[in-house]
Amino acid sequence: MVIKKICCIGAGYVGGPTCSVMALKCPDITVTVVDKSKERIAQWNSDKLPIYENIVRNGNIKIGNLSFEEVEKFKYLGATVTNINDTREEIKHRINMGNACYYSVEKLLSSSLLSKNLKVRIYKTVILPIVLYGCETWTLTLREEHRLRVFENKVHRKIFGAKRDEVTGEWRKLHNAELHSLCSSPDIIRNIKSRRLRWAGHVARMGESRNAYGVLVGRPERKRPLGRPRRRWEDNIKMDLREMGYDDRDWINLAHDRDQWLAYVRAEMNLRPGLDEVVRECRGRNLFFSTDIETAIKEADLIFISVNTPTKTFGNGKGRAADLKYVDGAARMIAEVATGDKIVVEKSTVPVRAAESILNILRANNKPGVSYQILSNPEFLAEGTAIDDLLKADRVLIGGEDTPEGQAAIEKLCWVYEHWISRSNIITTNTWSSELSKLAANAFLAQRISSINSLSAVCEATGADISEVARAVGLDSRIGSKFLQASVGFGGSCFQKDILNLVYICECLNLPEVAAYWQQVIDMNEYQKSRFSAKVIESLFNTVSDKQITILGFAFKKDTGDTRESPAIHVATTLLDEGAKLHIYDPKLQAYRNLNSCWTVTLREEHRLRVFENKVLRKIFGAKRDEVTGEWRKLHNTELHALYSSPDIIRNIKSRRLRWAGYVARMGESRNAYRVLVGRPEGKRPVRRPSHRWEDNIKMDLREVGYDDREWINLAQDRDQWRAYMRAAMNLRVEPSQIVDDLTHPNVTEEPEKVKSSITIHSDPYTATMGTHAIVLCTEWDEFMKLDYERIYKDMMKPAYIFDGRKILDHDRLIKIGFQVQTIGKRLARPLLTRAWGSPHQA
Ligand SMILES: NC(=O)C1=CN([C@@H]2O[C@H](COP(=O)(O)OP(=O)(O)OC[C@H]3O[C@@H](n4cnc5c(N)ncnc54)[C@H](O)[C@@H]3O)[C@@H](O)[C@H]2O)C=CC1
Ligand SMILES: O=C(O)[C@H]1O[C@H](OP(=O)(O)OP(=O)(O)OC[C@H]2O[C@@H](n3ccc(=O)[nH]c3=O)[C@H](O)[C@@H]2O)[C@H](O)[C@@H](O)[C@@H]1O
């Protein structure tokens with residue numbers, strides 16, 4: 001049996017990315033990810049994935065005394081330059097030249113005497129330079145990128161030859177995905193982007209005396225013609241930089257630092273695809289997201305269980321043991337619907353010997369003709385770098401039974417991974433070792449953080465600097481430098497839960513000393529979070545009651561939208577308990593909100609309607625006295641929404657639109673309105689993106705409330721169901737609720753209403769810090785390093801405090817601006833305030 005179909009139960013942080021990479025790298029396998037949550041599947045099937053991871057006009061021209069005739073195009077150093085900087089023609093010409101060269105060496109490329117490596121080298125040294133001549137100045141559009149890729153794929157196809165189809169036995173051309181997995185070097189577009197960046201840096205450093213620089217920074221004087229401006233070369237540069245996480249607009253300054261710029265040029269070449277790109281490439285081809293769990297299980301040869309395994313909140317082992325109810329549920333579902341032989345793979349992190357429980361469930365419900373093999377294949381990816389971790393995994397661990405059937409199942413899973421991971425990096429063990437290794441890996445990683453955090457307290461008490469200690473220790477190759485970054489404490493959905501689980505297992509095995517040893521890793525983390533929160537309160541003269549405090553960053557680490565077990569929750573809760581008013585800003589949680597509203601087509605119209613509504617509401621609720629300046633001011637939009645509890649104007653429109661849509665859908669064919677809805681225009685569609693239709697709006701509104709089936713007209717026939725969707729659309733909150741939910745969860749507070757009234761979520765770091773007494777930085781987002789702290793300082797209450805829980809800010813600069821700065825594991829000189837409070841944490 002070769003694996004043809006894979007099903008993965010659980011479309012979360014593990015299931016989604018893992019299967020996307022599998023689909024990318026295994027074009028011969030169909031991968032279906034199923035989940036019981038309709039909303040999650042709808043997001044995976046939309047453009048907004050549920051996980052965030054982590055580019056001259058008329059008239060003669062006069063220069064000085066010289067007059068130049070305007071021409072439409074001319075050749076300069078062999079490249080065609082046009083008057084409207086249209087590089088399409090030049091790119092076409094270059095591809096033609098490349099083709100001519102390709103045909104002259106075609107025989108070599110298909111020769112059986114030369115190795116594939118040598119042929120690839122011929123392509124890179126003979127053909128590619130001809131195509132890429134002058135590419136540094138190209139402005140690429142998607143169409144041109146496509147043409148260039150088609151050319152490169154043609155050459156690669158010649159080099160790598162045909163493939164015998166496993167099903168039909170016939171020879172066939174290699175698919176693009178197969179070509180990409182055979183070709184390890186960066187593709188032609190990466191090459192162009194990297195060269196373009198190198199040239200851009202060169203031009204930016206040229207200085208004002210040079211023409212090329214003048215063209216770059218100069219702005220044309222005349223009025224811009226109507227219509228969307230065409231993409232400029234500089235836009236390409238900015239887009240390329242943004243792809244690599246540099247979103248500052250002032251790239252010319254960046255280019256002056258040659259080393260930094262070179263790092264970007266190199267990074268461009270090595271940029272791997274993000275989650276969005278991988279999903280976009282595979283979805284609908286061999287990657288599917290669905291809620292039809294039964295069919296996917298029935299059809300699959302191999303089933304991954306990637307469901308969540310949270311800490312138990314009840315019964316035996318409450319607060320420590322892993323809750324296996326979702327794993328159980330998935331196993332029962334498999335037992336119920338499976339037909340034929342299945343390999344069931346535990347991807348979720350589970351306690352040791354969990355495979356046994358799964359097997360018991362499957363065997364107890366055994367049906368004739370069905371047999372199972374259970375494998376353990378834990379996942380080691382980290383959020384935010386999932387695709388990279390999956391593509392370049394240090395190791396893949398597969399545990400199975402030491403029986404011929406068990407070994408055969410291991411071989412089959414190895415075969416899947418061997419599509420992109422070398423065999424030497426695939427380790428096979430017995431099932432229990434594999435399960436324990438996952439818990440052990442997380443425990444070791446968390447232990448390092450707790451170890452360095454424990455020493456950060458010693459540093460603060462002695463004057464040592466934890467960064468220097470970490471560096472000195474980490475340079476010992478036996479220790480290594482990773483995971484030695486002192487912080488406000490580790491968070492995330494796994495470290496704490498997995499170590500608690502390990503502790504519980506040890507207790508059950510009557511190994512109390514081992515249990516106590518690992519428990520200490522968690523205790524140290526709790527101590528670190530409490531110590532940091534206490535430092536904030538103490539520094540603010542031991543009271544934060546009614547003080548405004550800004551929390552910068554709420555995710556448990558940068559580059560993720562996940563807030564599970566985030567240390568920010570601990571810090572925020574402690575401050576709220578002490579009566580503080582919190583203003584919270586997190587770039588990612590904000591971005592989610594922006595994307596949310598992008599789902600609605602006519603953003604401009606929505607904006608106009610909201611502006612109108614806000615004007616009326618402002619009149620109704622009047623002005624507000626500013627707490628800082630004491631002056632009367634207009635209410636901000638967020639304040640208006642907090643005061644106005646009914647659904648806003650857009651919700652109203654969406655709900656009414658759905659009501660009408662249901663009505664039309666039920667009209668029947670005799671009515672014109674119905675015919676307009678279902679009819680399709682006959683003529684050819686004009687070339688350009690089709691404008692959004694009313695029906696698209698309806699579909700989007702439905703998707704927002706979790707209905708992703710395309711057959712909405714059928715749904716509308718059921719009046720009750722339709723009404724339920726209409727109501728849902730009316731009550732959908734657009735505001736991000738994740739932070740509020742985290743802080744009002746019953747485990748966190750007994751007074752959710754009080755908490756809600758004490759927190760404000762901001763969409764901008766500057767409004768979040770306005771009039772605040774202190775800033776507490778909880779997540780190490782890059783954006784926080786680039787904020788305008790002079791501006792922030794001006795708008796804050798004095799003395800202005802910053803507590804850097806991630807050690808990422810330039811403390812000397814902040815102190816110069818006037819801030820009182822506190823961080824982890826280091827005493828900072830505080831020139832303005834010399835008063836001592838008798839605390840060892842105070843400098
Ligand atoms: N988040 C991470 O970075 C990593 C997580 N893990 C482990 O992987 C497992 C999954 O973690 P995440 O993906 O973060 O969880 P998640 O909570 O993001 O996703 C789990 C998904 O499973 C679905 N689900 C639960 N029971 C189901 C059922 N019976 N049928 C269909 N769908 C069902 C849920 O609706 C949810 O969408 C956990 O055991 C975790 O410890 C392992 C490595 C990394
Ligand atoms: O089993 C899991 O779920 C995963 O858990 C972690 O991945 P993740 O939790 O996504 O994130 P990490 O990068 O490990 O960070 C965890 C926490 O530790 C903190 N941290 C990390 C490193 C460090 O030096 N200091 C530090 O405080 C981070 O800020 C974050 O709050 C592991 O790194 C993954 O290998 C593992 O697969």
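## Questions about a predicted model

Me: Which helix holds Cys101?
Reply: This is a predicted model, so let us begin with one residue in it. Cys101 sits in a helix that covers residues 88-110. That helix is α3.

Me: Is Cys101 buried or exposed?
Reply: A residue counts as buried when its relative accessible area is under 20%. Cys101 has a relative accessible area of 10%. Because that value falls under the cut-off, Cys101 is buried.

Me: Which residues have the most contacts inside the largest nonpolar core?
Reply: In soluble globular proteins, nonpolar side chains tend to be buried together. Here the largest nonpolar core has 46 residues. Helix α17, residues 404-417, gives the most to this core, with 6 residues. Those with the most contacts inside the core are Ile6, Phe304, Ile398 and Tyr417.

Me: What does Ile398 touch, not counting residues up to four places away in sequence?
Reply: Ile398 is one of the residues with the most contacts inside the largest core. Its partners include Leu375, Ile410, Leu413, Ile426 and Ile427. Also among them are Ser376, Asn377, Thr428 and Tyr417.

Me: How many residues make up the other core?
Reply: Another core lies apart from the largest one. Among its residues are Val544, Ala568, Leu576 and Ala774. The size of this other core is 37 residues.

Me: Which residues come nearest to ligand 1?
Reply: Let us turn to the ligands. There are 25 residues around ligand 1, and they divide into 9 nonpolar, 8 polar and 8 charged. Those that come nearest are Tyr13, Asp35, Thr309, Thr349 and Lys497.

Me: How much of the accessible area of ligand 1 does the protein cover?
Reply: A polar side-chain atom of Asp35 lies 2.6 Å from an oxygen atom of ligand 1. Arg40 also brings a polar side-chain atom to 2.9 Å from a ligand 1 oxygen, and a backbone N or O atom of Thr349 lies 2.9 Å from an oxygen atom of this ligand. On its own, ligand 1 has 840 Å² of accessible area, and the share that the protein covers is 91%.

Me: Which helix gives the most to the shell around ligand 2?
Reply: In total, 20 residues surround ligand 2. They divide into 11 nonpolar, 4 polar and 5 charged. The helix that gives the most, with 4 residues, covers residues 431-462 and is α18.

Me: What percentage of the area of ligand 2 does the protein bury?
Reply: Arg806 has a polar side-chain atom 2.6 Å from an oxygen atom of ligand 2. The backbone takes part too: a polar backbone atom of Gln485 is 2.8 Å from a nitrogen atom of ligand 2, and one of Gly491 is 2.9 Å from an oxygen atom. Taken alone, ligand 2 exposes 710 Å², and the protein buries 89%.

Me: Is Ser493 buried or exposed?
Reply: Ser493 lies in the loop between α19 and α20, and is in contact with Glu383 and Arg564, leaving aside neighbours within four places in sequence. Its relative accessible area is 15%. Since buried means under 20%, Ser493 is buried.

Definitions and conventions: Residues are numbered from 1 along each chain as its sequence is written. Chains are lettered from A and ligands numbered from 1 in the order in which they are written. This is a predicted model: local features need pLDDT of at least 70, side-chain atom pairs count only at pLDDT 80 or more; totals for chains, interfaces and linings use all residues. Side-chain values use heavy atoms; hydrogens and water are left out. A residue is near a molecule or strand if one of its heavy atoms lies within 4 Å of it. A polar contact is a pair of N or O atoms within 3.5 Å; within protein, one must be able to donate a hydrogen and the other to accept it, and residues adjacent in sequence count only if both atoms are side-chain atoms. Accessible areas come from the Shrake-Rupley method with a 1.4 Å probe; for residues, only the protein chains shown count as cover. Helices (H or I, at least four residues) and strands (E, at least two) are DSSP runs, numbered from the N terminus. Ala, Val, Leu, Ile, Met, Phe, Trp, Tyr, Cys and Pro count as nonpolar, Asp, Glu, Lys and Arg as charged, and the others, Gly among them, as polar. A nonpolar core is a set of buried Ala, Val, Leu, Ile, Met, Phe, Trp, Tyr and Cys residues joined through side-chain atoms within 4.5 Å. Buried means under 20% relative accessible area, exposed over 50%, partly exposed in between (1.4 Å probe, protein chains only). Contact means heavy atoms within 4.5 Å.
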